[in-house]
Amino acid sequence: MLVAACAGGVAYAEPSHLLVRNALIFSMADGQKAPFKGYFSVRSDGVIDHIGPGAPPKDLQADQDMDLHGHWVMPGFISAHSHLWQAAYRGLAADQTLMGWITALYSGKASVARPEDIYWFTLDGALDHLAHGVTAAYNFNYGGASPKMVVQTDRLQFQAETASGIRFVHGLEPLPGKADVSLAKARQHVGDFLAWSAGQHVGSTFLSVMINGGTGFHDTGDVAKIEGTLMREYHLSNQSHYLEPPENVSAQQARFHWFEDEGILGPHLIFGHFIHTTPEIIARSVKAGASMVWNPLSNGRLASGTADIPAYLKAGLRVGMGEDGEASADLADPFENMRTGLYAIRDKYQSAAIMSPYDVVRLHTRGSADVLEVGDRLGSLEAGKFADFLVIDPTNLGYVFDPYATLVFAAAQENLEQVYVGGVLMVEHGKPLKQDFAHVRQEADRRVAASVQH
């Protein structure tokens with residue numbers, strides 16, 4: 001049932017910051033699958049205070065009153081798995097699968113980038129995500145090519161995330177440079193960063209710090225032991241790339257027990273990609289409360305395979321969606337990501353009924369928020385949650401038989417009119433408003449060119 005979120009009989013005390021009326025709202029709230037024509041208002045702290053069908057109450061006032069004339073509103077997309085700095089390296093290693101692509105990027109092009117370069121690359125990627133309607137992202141930060149770069153690079157990326165205006169989970173590399181697998185060094189590095197970040201006046205765009213897990217890429221359990229210890233000592237969650245490439249699947253699967261043995265497997269573990277699983281791995285992950293992030297665009301680009309999302313969901317695994325990095329997905333476009341994923345699943349099952357357009361919209365909003373442990377603040381348009389939303393112009397989308405089908409099958413970047421974060425307009429017709437995006441992109445491109453010629 002749709003209910004305006006205000007106490008019955010209580011007058012609206014102060015004007016809201018923003019009142020949105022006459023919108024077709026895809027709220028993505030539980031029990032509200034059907035979009036409804038209605039309104040919502042936003043407080044000065046960026047939180048929705050009232051939402052409901054029909055016209056707003058006459059005594060609900062706002063500093064800014066916006067009539068959308070029937071245009072569509074939905075929650076901002078959430079990328080639960082991104083590498084923002086990789087925006088500088090689109091199109092790299094076009095004929096390589098994962099390991100060849102990693103070599104080309106990490107041991108090749110990015111290895112000569114300086115910390116200040118990574119700042120601009122990260123800002124470029126964050127603004128590009130926002131321009132495409134991604135209002136929150138988990139960012140796997142690049143630790144740098146050497147241990148000496150780690151501290152400076154991590155902090156500069158945090159500052160770039162902040163400057164962009166995107167909401168972010170800062171993915172922290174726990175092992176400085178990964179040259180020396182030492183608990184003492186990892187503990188000092190993580191502790192120092194947490195103390196530093198706590199002193200930054202970021203506001204609500206900073207969601208949390210999580211560990212960029214590396215257990216799935218190592219041949220011993222030493223890294224898992226360190227990660228488990230850091231998670232417990234600092235109360236951190238962990239997102240680990242795991243079971244992504246199709247090569248050496250048995251060897252990858254054999255590492256699963258390290259997640260269990262070291263106390264990593266649980267509700268604070270997110271598996272990134274998680275394609276080449278087994279029923280036993282899924283069952284044990286579900287029992288422990290773990291989750292995963294599906295990255296259709298990069299999985300297709302790198303020929304990694306198609307995660308069996310319907311089977312995961314049926315088993316009870318929590319699933320979100322990610323844009324991954326623009327060096328592997330090339331586009332930070334959630335519309336393309338949803339379409340690519342839905343088509344891949346339907347091809348896999350040879351069934352058009354196996355997954356619906358609504359399902360993928362929910363995974364890219366509510367699902368991602370849940371995986372990132374911010375479902376109480378993000379992922380749907382409800383009273384008490386942040387007003388992170390998109391305005392979509394349906395004028396050229398044709399007759400609408402099913403609004404979710406139109407949203408997933410037909411809507412594109414050109415239909416995205418506006419992007420709001422906390423009720424603040426951040427992007428209009430693809431142009432970020434809080435930063436000079438053209439300058440940022442030119443600066444990033446210039447720095448890539450300089451490093452390539454180095």
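Helix H2 passes helix H14 in a left-handed crossing (the near helix is turned anticlockwise from the far one by less than a right angle; clockwise would be right-handed). This is a predicted model: local features need pLDDT of at least 70, side-chain atom pairs count only at pLDDT 80 or more, and totals for chains, interfaces and linings use all residues. Residues are numbered from 1 along each chain as its sequence is written, and side-chain values use heavy atoms, without hydrogens and water.

H2 covers residues 115–131 and H14 residues 437–452. Helices are DSSP runs (H or I, at least four residues), numbered from the N terminus. The two axes come within 9 Å and cross at roughly 135°. Axes are lines fitted to C-alpha atoms over the stretch in contact, and angles run from 0 to 180 degrees between N-to-C directions. In H2, the residues in contact (heavy atoms within 4.5 Å) include Trp 120 and Phe 121. Their partners in H14 include Arg 441 and Arg 447. The contact divides into 8 nonpolar, 1 polar and 7 charged residues (Ala, Val, Leu, Ile, Met, Phe, Trp, Tyr, Cys and Pro are nonpolar; Asp, Glu, Lys and Arg charged; the others, Gly among them, polar).

Now a second pair. H11 (residues 334–349) and H12 (residues 357–371) come within 10 Å, axis to axis, and cross at roughly 130°. That makes H11 oblique to H12. Their crossing is right-handed. The contact holds 6 nonpolar, 2 polar and 1 charged residues.

Terms used:
Helices (H or I, at least four residues) and strands (E, at least two) are DSSP runs, numbered from the N terminus. Angles under 35 degrees count as roughly parallel, over 145 as roughly antiparallel, 65 to 115 as roughly perpendicular and the rest as oblique.
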